[in-house]
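Trainee: I am new to this structure. Could you show me how to read its features, one at a time?
Mentor: Gladly. Take a look first.

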Amino acid sequence: MLKGKNIGLVGGGNMAEALIKGLILSKICSSDRLFVSDIRSERLDYLKRTYSIKAFKDNAEMVSQSDIIILAVKPQDIKTAISEFRDALRDETLIISIAAGITTAFLKQCLAKKIPTIRVMPNTAALALASMSAISKGPYATDGHLEMAEALFRGIGETLVLPEKMMDAVTGLSGSGPAYICLFIEGLVDGGVKMGLTREVALKLAIQTVFGTGKLLKETGEHPAILKEKVASPGGTTIFGLHALEVARVKGALVSAVEAATKQSQALGKK
Ligand SMILES: NC(=O)c1ccc[n+]([C@@H]2O[C@H](COP(=O)([O-])OP(=O)(O)OC[C@H]3O[C@@H](n4cnc5c(N)ncnc54)[C@H](OP(=O)(O)O)[C@@H]3O)[C@@H](O)[C@H]2O)c1
């Protein structure tokens, strides 16, 4: 499906690098079919040197040679970037945007042409090829385009196709989620240090506990509430810890975090 397609990334920052790495490692795309453009020469030199891909200073020059464009600039730079390459687009080119809060309706308006668009919300775990990427079909995109986007993003982790109206909530949960988990890990580490562990030991214990629990839930398909009940034996240590978390309303705080981030994503999309 992606065979023979040239893939061009506009913006060569963190997410672009994760995608480049994932696409090459997973053999979804060979380096000779991967292109990147950026305004920063040092980023282009680095990506070219590290991944043996073709790098362009000029967005339009790269776009004219690409079948699929991945927009990987910051949301506030989308409009400018599109204006720089719009005239070089061919009608059959597919545009995939990963910019937070940028709707496909906005892309359509900026493109001012009948170009198929797809919106994807990955997360920073893409750097470890463990992203959760939600994918939505935009104007003029076909099921074939959707399949291409899924194939690309499977290179950096898991994918899920969802209606675009859910993208703000996705941003609030899995898009911003890695930061919540980091805060949670920091808390566990401080707790370990308070109870006499070295910071190094506490960090190793906390990271593996979060990683292992996620892996366990994923592999068994067990509901978290069931697993939690299983490990909280009567009068044991875990139920005392869980009680402290409930008193501190940690679960409610997480609900509020997802809600606040979702609302911010909605607000950014309206700007
Ligand atoms: N990072 C995440 O966890 C995450 C998660 C989900 C989605 N996203 C989305 O992914 C996108 C990229 O994020 P990122 O963290 O990779 O950003 P980033 O590291 O800042 O990378 C963007 C790159 O694009 C360059 N750039 C700016 N204007 C350009 C233009 N007109 N043409 C070509 N290149 C241009 C930037 O240069 P300057 O720095 O000089 O401006 C920078 O090198 C964002 O839209 C973000 O919302 C990110």
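Trainee: How much space lies in the second largest pocket?
Mentor: Keep in mind that this is a predicted model. The second largest pocket holds about 840 Å³ of space.

Trainee: Which residues lie nearest the centre of the second largest pocket?
Mentor: Start with the lining. Here 34 residues line the pocket. Nearest its centre lie Met 15, Ala 72, Val 73, Lys 74 and Pro 75.

Trainee: Which helices each supply at least two residues of that lining?
Mentor: Look for α1 (14-25), α4 (78-85), α7 (167-175) and α12 (250-270). The biggest share comes from α12, with 4 residues.

Trainee: Which domains each give at least three residues to the lining?
Mentor: Domain 1 (7-163) and domain 2 (175-270) both do.

Trainee: How many lining residues fall in each class?
Mentor: Sort them as nonpolar, polar or charged. This lining has 14 nonpolar, 14 polar and 6 charged residues.

Trainee: Next, cysteines. How many disulfides does a search of the whole structure find?
Mentor: The search finds 0.

Trainee: Is Cys 110 buried or exposed?
Mentor: Residues under 20% relative accessible area count as buried. Cys 110 has 7% relative accessibility, so it is buried.

Trainee: Let us turn to a strand residue. Where does Ser 37 lie?
Mentor: Ser 37 is in strand β2, which covers residues 34-37.

Trainee: Now a helix residue. In which helix is Lys 228 found?
Mentor: Lys 228 sits in α10, residues 224-231. Its relative accessibility is 34%, so Lys 228 counts as partly exposed.

Trainee: Which residues does Lys 228 touch, leaving out those up to four places away in sequence?
Mentor: Lys 228 touches Leu 242 and Glu 246.

Trainee: How far apart in space are Lys 228 and Ile 239?
Mentor: Compare two separations, along the chain and through space. In sequence, Lys 228 and Ile 239 are 11 residues apart. In space, they are 9.2 Å apart, C-alpha to C-alpha.

Terms used
Residues numbered from 1 in each chain as written. Predicted model: local features only at pLDDT ≥ 70, side-chain atom pairs only at ≥ 80, totals over all residues. Heavy atoms only, no water. 1 Å grid on protein atoms, 1.4 Å probe; cavity = no way out; pocket = protein on both sides within 12 Å on 5 of 7 lines; lining within 4 Å. Points joined across faces, edges and corners; volume = space filled by probe spheres on them. Nonpolar A, V, L, I, M, F, W, Y, C, P; charged D, E, K, R; others polar. Domains from an automatic or database assignment. Disulfide = S-S within 2.5 Å. Buried < 20%, exposed > 50% of the residue type's maximum accessible area, 1.4 Å probe, protein only. Contact = heavy atoms within 4.5 Å.
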